[in-house]
Amino acid sequence: MRAGDLIFKKRRGETLTKNEVDYLITGYVKGNVPDYQMSALLMAIFFQGMTDEETLNLTNALVNSGETIDLSNIPGFKVDKHSTGGVGDTTTLVLAPLVAAAGVPVAKLSGRSLGYTGGTLDKLESIPGLKTEMTVGELMAAVKKIGVAVAGQTGKLVPADKMLYALRDVTATVDSIPLIAASIMSKKIAAGTDGIVLDVKIGDGAFLKRQEEGFTLARLMTAVGRAAGRRTAVAITKMEQPLGRKVGNALEVEEAILTLRGEGPPDLEELCLTLGSRMLTMAGAAKNIDRGRAVLARILRSGEALQKFAELIENQKGDGRVTEDLSLLPRAERIIAVRAVNEGFICRLKAENIGRAAALLGAGRWKKGDPVDPAVGITVNKKIGDQVEKGETVALIHARDTASAGIIAEVEELIMSACVFVETPVGKPVLICGYVGWEND
């Protein structure tokens, strides 16, 4: 078997066998398949695609490239959640303690993102003292003790995926649906949970722009997950405007806490209740989606979910007082109001522009290793469907004193260009546009 022959086979649109996929991935990890050949293979996959079976074989090869986590010693049906990412996507910080408070163990491995804002780990680390680096033993102990942990992925988990992603990033092959599915599902399967709920974002502020792409990815990931023995369900959700109202690391923690108090933005709460209800039915903790939603709504209003978040923070060495005192979170020195120069109704609020504005302030990273400022970001005061008077504040910029006038002007311009006004009333946009694998198990 030779890598060059397999690249030629894939380039012609033929299907690679399991042994051939294993040979390529194992060879790449060991250094026997060089970068230039793997880059050629990725480009062939980008143009020719992969069958569901090929994608499953690729996923399993990635899983088998490193260690896996065995959570069987933790009682109960363990669940995990993953989002393909967006602007203001704070769901994990609400969802993990909410589902855990309902008695379903949540073992969540998260990452740091490139782009508009930090990943879940960056957001959590804006809480004073909180640690996200945990050994597998510490992760399991935390889930046994309090029912939930959110930690960074160990370097020994799915190493082939890290190597492939670095190549995809520089060869313009990131947006290949089979490669996306294999990358996401390999990490979720290796993490050892029994069930996986996925949130595929589509729209202006998402990686995938078109609805049909979202459904294609959702169907493929569901098929791969279930073939690997994991209960898997996907919601396809819109990212045409930021989720919630706050974009930035400490700002999103603040919004998560407000949501856990029952005081959060309606769209963030709605999404968390929706995803959480599927996690409960998947685990057998609720008979159906409606019952699961009712259970979670009660827990949210009772304060139990907020208390569970405080437990998570304290168990990971953070200051749990932030759940009661938001002033303990990092704060930017300057708050600058961005005022409307027009009047009317907002018909578009381009999430990508808001995300870019937050990143310019330092809330995100453009390349791996860049520092992330926990304090800076954007608060969105007006969203699609809202009426705005001329001179009214549409957003707040949270900036450091050191931010230059040029940066602030560019941020203001991005925010204003994100807002599109019309004269007639506009309805609120649909948040969830479909499901795959949402039926009860």
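## Basis of the values

The model is predicted, and local features need pLDDT of at least 70, side-chain atom pairs count only at pLDDT 80 or more, and totals for chains, interfaces and linings use all residues. Residues are numbered from 1 along each chain as its sequence is written, and side-chain values use heavy atoms, with hydrogens and water left out.

## Cavities

Rolling a probe the size of a water molecule over the atoms shows where empty space is left. On a 1 Å grid over the protein atoms alone, a cavity is a set of points where a 1.4 Å probe fits but cannot get out, and lining residues have an atom within 4 Å of a point. Grid points are joined across faces, edges and corners, and a volume is the space filled by probe spheres set on the points. The structure holds four cavities of 30 Å³ or more.

Among the lining residues are Leu-16, Met-38, Leu-58, Leu-164 and Leu-179. Both α2 (18-30) and α3 (35-48) supply at least two residues of this lining, and α3 gives the most, with four; helices (H or I, at least four residues) and strands (E, at least two) are DSSP runs, numbered from the N terminus.

A pocket is an open set of points with protein on both sides within 12 Å along at least five of seven lines. About 330 Å³ of space lies in the second largest pocket, and of the 17 residues that line it, Gln-241, Asp-267, Lys-383, Lys-428 and Pro-429 are the closest to its centre. By class, this lining has nine nonpolar, one polar and seven charged residues.

## Nonpolar cores

A nonpolar core is a set of buried (under 20% relative accessible area, 1.4 Å probe, protein chains only) Ala, Val, Leu, Ile, Met, Phe, Trp, Tyr and Cys residues joined through side-chain atoms within 4.5 Å. The largest has 83 residues, of which Ile-127, Ile-354, Ile-378, Ile-397 and Ile-415 touch the most other members. Apart from it lies another core, of 60 residues, including Ile-7 and Ala-190.

Not counting residues up to four places away in sequence, Ile-127 is in contact (heavy atoms within 4.5 Å) with Val-253, Phe-309, Ile-313, Asp-319, Val-322 and Leu-329.

Notes
Nonpolar A, V, L, I, M, F, W, Y, C, P; charged D, E, K, R; others polar. Buried < 20%, exposed > 50% of the residue type's maximum accessible area, 1.4 Å probe, protein only.
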